[in-house]
Amino acid sequence: MFKINTSYNIPAIEGSQGTVRALFVEAAGEQNKQIADSLAALDIEVEWAGTLKEALEKIEQDNVDVVLLNTSLPDSSGLAAMQAIRKKSRALAVLMINDAENRTMALQTLRAGAQDYLIKGTLSYNSIARCLRYAIERHRLRYEQLLEGERSTRLILENSLQAFLAIDKNGIILDWNLRAEGLFGWSRQEAIGKHIAELVRPSPTRNAYLENLEATLSDSPEGILNKRMEVYALHKDGHDFPVEFGFFRIKDKFDYFYCTFVHDITERKEIERKRRQLSEELEQRVQERTTELMRSNEELQQFAKIASHDLQEPLRAIEGFAKLLDRRYRDKLDAVGNQFLEFILDGVSRMQKLIQSVLEHSSISTEKKEIQAIDVSSVVKEVMKNLNQAINESKATIIYGDLPAVAVERAQLVQLFQNIISNSIKYASSDRSPYIIISAEKSVDEWLFSIRDNGIGIDNKYAERIFDMFSRLHGAVKYEGTGMGLAICKKIVTAHGGRIWMESEIGEGSIFFFTLPAEKKRQKELPENTQKQGTA
């Protein structure tokens, strides 16, 4: 029964105006009429409801300013009743009243939105009237602030460049902005209150995820939170289109709801499709071009072999007849005639060397294959044996430290180092003996080699040209050769994914640099500062 303590009086609220319509949700009692009459004298019109259901019906009629809610009702507990009334009307001030002090219940109800928590038998009529009026005023101010915040939020959402929608845990649409209307074709009035699957569900053959959204949200919502997902959504006119979205969860006073910004990615998908198409076309063209180049390379190698054979036959004939002529008629020819014979034999010899160099160049394979790593130090030793006569005659000195192992065929390594070292010996300065230093430095997954000499050097503007086929910066009279040595070096290096270049200064010597792939399996490191010197 509702009891009021009348042992003391509190003056009526000064400046209070208007009649307050109060709904007391309380079981019927003998004092109800007395309470209503007493509060009526204070401009508080009291209406009674014995159950939550009855209270909600009266609230729906919109003739209530404030609710005084008992924490114990026949059809609901106080907290659940508080939440039900809040859902029915957010603009309504609510106070809770209990038979005895219960701090836990008081905190829970205040957090749920109650304006005050009263205890029966401790308040006068004036005090109740004051509490009701204060509750209405406080809630009005709070509600206006809430509405103002919602208006600001609505302005932001409506002017967003992306579609926004909110749903409850059952998949029912709670909110829908203008961008969503434009994206999906459904107005806000059409969308709100419907299940999301009715409006934006993609074709079942494309994605069944949204069809099970209700179960996902209720059973394991963490599985979809803060994750970007791509699906096909359905427009009102029936066509589907790709979208990207990610749910985030928000908790209000009563329950969770889920929000997302939906982005139309039709243009991005089209760009990705065109990029894939171009990539596939490019890959196909590259494969066709690679096949064509491999076929052309094979044909060139075959041609080089055939051409060299066909060219060497007449050269051997010319050489044979020239030597025969020299043996039979040397004494009968004058000095000019003998000189002509020497020119012929020298030309034949140079032509044979040139053909052999072209064959070597064409035989270098660019095909990628697994090769056992070769110790470069052993290669340099072999080169020094091959060049023993030239080293002795020129009094050349070759210095090299502990050189690494590289994944290059041994024969090609020998040719590479031999061509560069012999070049350094050939183009030595006339006033000093050749001095050659070979070193290597590790860089990520490759080795950088350098071969430094003290020769005559060249102008740096010719540094790239010397690696071209048949390139010669000096006449054949002073320095013999075919102009193919460094071209062969370049092909060996580039065939293994490396680079080759040189730096030089006239009169100060040259440095040849080139990179080669390192051995995949790390080798045991050799002692540092160990140098080997070779002078034949």
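In this predicted model, L325, Y329 and L333 make a nonpolar surface patch of about 230 Å². Patches consist of residues with over 30% relative accessible area and no salt bridge, nonpolar side chains (Val, Leu, Ile, Met, Phe, Trp, Tyr) being joined within 5 Å and like charges within 9 Å. Accessible areas come from the Shrake-Rupley method with a 1.4 Å probe, and for residues only the protein chains shown count as cover. L333 counts as partly exposed because its relative accessibility is 32%, where buried means under 20% relative accessible area, exposed over 50%, and partly exposed in between.

Residues are numbered from 1 along each chain as its sequence is written. Local features need pLDDT of at least 70 and side-chain atom pairs count only at pLDDT 80 or more, whereas totals for chains, interfaces and linings use all residues, and side-chain values use heavy atoms, with hydrogens and water left out.

A search of the whole structure finds 15 salt bridges, each defined as a side-chain nitrogen of Lys or Arg within 4 Å of a carboxyl oxygen of Asp or Glu. In one of them, the closest N and O atoms of D175 and R188 are 3.0 Å apart. Because D175 belongs to strand β9 (residues 173–176) and R188 to helix α7 (residues 188–191), this pair ties together parts that are 13 residues apart in sequence. D175 is buried, at 13% relative accessibility, whereas R188 is partly exposed at 27%.

Helix α7 also contains E190, whose partner K236 lies in the loop between β10 (229–234) and β11 (240–245), so this pair ties together parts that are 46 residues apart in sequence.

S510, in strand β20 (residues 509–517), is buried at 8% relative accessibility. Its side chain makes a polar contact with the side chain of S504 at 2.8 Å; such a contact is a pair of N or O atoms within 3.5 Å, where, within protein, one must be able to donate a hydrogen and the other to accept it, and residues adjacent in sequence count only if both atoms are side-chain atoms.

Methods
Buried < 20%, exposed > 50% of the residue type's maximum accessible area, 1.4 Å probe, protein only. Helix = DSSP H or I, 4+ residues; strand = E, 2+ residues; numbered from the N terminus.
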